[in-house]
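Please walk through this structure one part at a time.

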Amino acid sequence: MADQWQSSMDHAVAIARRAGEVVREALLDDRAVMTKSSSVDLVTQTDQKVEQLIIQSVKEKFPTHRFIGEESVAAGESCVLTDCPTWIIDPIDGTTNFVHAFPFVAVSIGFSVNKQVEFGVVYSCLEDKMFTARRGKGAFCNGQPLEVSEQKDIQQSIVATEFGSSRAPEAVDRIFCSLKNVLSIPVHGLRGAGTAAINMCLVASGCVEAYYEIGIHVWDVAAGSLIVCEAGGVLMDVEGNGPDANTSCLPARCVSDGCLCAGGEVDLMSRRIIAANSRTIAERLVREIAPFRPPRDDAPPPN
Amino acid sequence: MADQWQSSMDHAVAIARRAGEVVREALLDDRAVMTKSSSVDLVTQTDQKVEQLIIQSVKEKFPTHRFIGEESVAAGESCVLTDCPTWIIDPIDGTTNFVHAFPFVAVSIGFSVNKQVEFGVVYSCLEDKMFTARRGKGAFCNGQPLEVSEQKDIQQSIVATEFGSSRAPEAVDRIFCSLKNVLSIPVHGLRGAGTAAINMCLVASGCVEAYYEIGIHVWDVAAGSLIVCEAGGVLMDVEGGEVDLMSRRIIAANSRTIAERLVREIAPFRPPRDDAPPPN
C-alpha cells in the first residue's frame, strides 16, 4: 500500500539538505547575532532565512499543509497544533553553536497529522548526517539503521542534557539540582551537544543512554521524538507517567488523546522531555530530576 | 637550520594515526571496561594496548627518550618530568566516550625537552582530525592553520569544561559552584566534548573561547597546551598564576582577558599533583 506521506517526507529530506547547505555557506560569512527572550537566546538572519526557505517550498508543493516554525512563532504566528498535516520546523537547532562554529548544528523538521508525528528529519549539517524516521518503519542515519543502547544500568550510562537559555535564578537552581543528582547516581558522564535535536539523535544512535531537558520547545523535539522511538527508545515526561497513561503501549504505535506525541506518554508542547533507550533508565532519571513548569508552547499569548 | 625534533614529530603523527586506527577497529569489537580510581574512572584493554604500541615504536627509533604514559603511571611508573626528551602520552583521551561510542576520542602525544613542550599531536580519531603544533611554528588541523576566537566579551563566549571522574562530594560541590558561577555571568553556553585534549583543540580552533578543568592530568593537556598557544591562545592556572601542567588544574583561553574573567568565577581546589611521590 502506498504511503500517502512519502512525497512529503521525500521533500522534507531534500529541503533539509538544501537548508543545511545554506547554513554551511553562512558559516563562512557574517554570523551577526540578535537576541530574543534573553541575552543568551540567540537568533540570526540565517535562522529566519532558512525557515522561510522551508515554508515557501512546502507551500508550493503542499498548499493545504500548516506550519509551526520557531521564527514564525517568535513573529506572532500560532503555536497550536490541529489535526491538519503540520510541518514543525526548527530551521537551526543549535544557534549558539552556529554563532561560534561549534560543530553541532541541525535542521529539524517534524511532520504531524491528527496530532501524531508521522515522520521526522534531523539534518546535522556540519557532520553531513541525515537522521530520518517514518512511523512504524524504523530510524536511520545516512541510510544505516539506528538502534538505542542496550545498557540498562544507570551507573554505566552517559546522560545528555543542557543548561538551556533561561538564566532566571529559580530555573537555574532547579537545573543544577537535577544535574548534581544525576551526576551523583553516579553515571559514567554527562554530555551535551548544544542542540536538543542532535542530543535525541545521540540517544537513537546508542551513543548516550538518555537525554533530558526542561525548557525545550516543540520544534526542537518533534522530529527527534519519532527518531528515538523508531530506534527502540522511549519518551517520558520528567515527572514520569501520569496516573491515566497507558503504560503498556509500544512507543511508536500508540495514540494519546488530546496531546501531540510520538510515544504516547510525553506532551511535546509541555517544554519538558526525557528520551531514553528504555523505561528502566527513563524512570531512574525521573527520580533525580527537580521538575518545574515553563509556560507551554500552546499557551495563549499574554495580552 | 634543520629542526632536531622533526623526525620525532613525524613519528608522533604517524604513530598517532596508527593508534587511531586501532581505536576505530576496537570500537567495532568488544569494549569491555574496567575501572581505576573510582567506578567512573574507566580503562579498557585498548587503552593499554595503544600505549604499548606507541611506547614500543618510540623505543625502537629513539632509544634514549623517556615516557610518561597514563597507563604506565597507573601501573607504577614514575610521573616525574626531567630535562630528557620525554613522550607524554594519553593513549585514549575520552575513554568513557570510547566505551559508549560517543564521537570524541583522541590519541594525545606531547613531547617535552628541558621541561618545555616542543611539539604536540592530538588525533581525534573518530573525526579523522589530526591537530599538531610545533613550538614557534603555529598550530594546524589536517594541514589548515588554527586560530583562536577573537571574542573578548565573556558574555558572548562559549566555555568548555567537564565534571571529571571524581565523585567525592567536596570536589563535586566545588565543580558545581564554579559551573553555576560561570553560567550566570552569563556566558552564551557551556559545552564539553568529554576529553580534555579535544576541548583544548576546540579552543585552538576558535569554536569555544575557553576551557577550564580541575582534575585533569599532565598527559591530557601536554599536547593541547602547545596547540592552544601556537593558535594564539593562553594558558593560566585556575587561581590566575602561571599554569603548571603537573598541578591537575588548567585554563586554556583565547586571551588573558577571558582567562582572567574565568579565574574570578572558579572555586579552586587542589587534587594531588601528578608528580607527587606515591603514598607508601
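**From a loop residue to the sheet and the rings**

Thr195(B) sits in the loop between β11 (189–191) and α6 (196–205) of chain B. The model is a predicted one. Thr195(B) has a relative accessibility of 1%, and because buried means under 20%, Thr195(B) counts as buried.

What is Thr195(B) in contact with, leaving aside its neighbours within four places in sequence? The contacts are Asp93(B), Gly94(B), Asn97(B), Phe104(B), Ala106(B) and Glu162(B). With Asp93(B), the side chain of Thr195(B) makes a polar contact of 3.0 Å, side chain to side chain. A polar atom of the Thr195(B) side chain also lies 3.4 Å from the backbone nitrogen of Ala197(B). Arg261(B), by contrast, is 66 residues from Thr195(B) in sequence and 23 Å from it in space, C-alpha to C-alpha.

Asp93(B) has Ala106(B), in β5(B), as its bridge partner. Strand β4 (residues 86–93) and strand β5 (residues 106–113) of chain B pair in the antiparallel sense, over 6 bridges. In general, strands of a sheet pair through backbone hydrogen bonds, either parallel or antiparallel.

The sheet in chain B is open and has 7 strands, in the order β3-β4-β5-β6-β7-β8-β9, with mixed pairing. Its edge strands are β3 (66–69) and β9 (144–145) of chain B, each of which pairs on one side only.

Helices lie against these strands. Helix α1 (residues 6–28) of chain B lies across β4, β5, β6 (116–124) and β7 (129–134) of chain B, and runs at about 30 degrees to β6(B). Helix α7 (residues 218–230) of chain B packs on the sheet as well, where it touches β3, β4, β5, β6, β7 and β8 (139–141) of chain B. The direction of α7 makes about 100 degrees with that of β6(B).

Next come the aromatic rings. Over all chains, a search of the whole structure finds 16 aromatic pairs. One of them joins Trp87(A) and Phe111(A): the ring centres are 5.4 Å apart and the planes are at 75 degrees, so the pair is edge-to-face. Trp87(A) belongs to strand β4 (residues 86–93) of chain A and Phe111(A) to strand β5 (residues 106–113) of chain A, 24 residues apart. Trp87(A) is buried, at 0% relative accessible area, and Phe111(A) is buried, also at 0%. Both belong to one aromatic cluster, formed by Trp5(A), Phe62(A), Trp87(A), Phe111(A) and Phe119(A).

Rings also meet charges across the two chains. Arg191(A) lies over the face of Phe102(B), 5.9 Å from the ring centre, and Arg191(B) lies over the face of Phe102(A), at 5.8 Å.

Key:
Residues numbered from 1 in each chain as written. Chains lettered and ligands numbered in written order. Predicted model: local features only at pLDDT ≥ 70, side-chain atom pairs only at ≥ 80, totals over all residues. Heavy atoms only, no water. Pairing = 2+ DSSP bridges. Helix = DSSP H or I, 4+ residues; strand = E, 2+ residues; numbered from the N terminus. Contact = heavy atoms within 4.5 Å. Axes fitted to C-alpha atoms, helices over the stretch in contact; angles between N-to-C directions. Phe/Tyr/Trp six-rings, centres within 6.5 Å; stacked < 30°, edge-to-face > 60°. Buried < 20%, exposed > 50% of the residue type's maximum accessible area, 1.4 Å probe, protein only. Lys NZ or Arg CZ within 6 Å of the ring centre and 35° of its normal. Polar contact = N/O pair within 3.5 Å; in protein donor to acceptor, adjacent residues only side chain to side chain.
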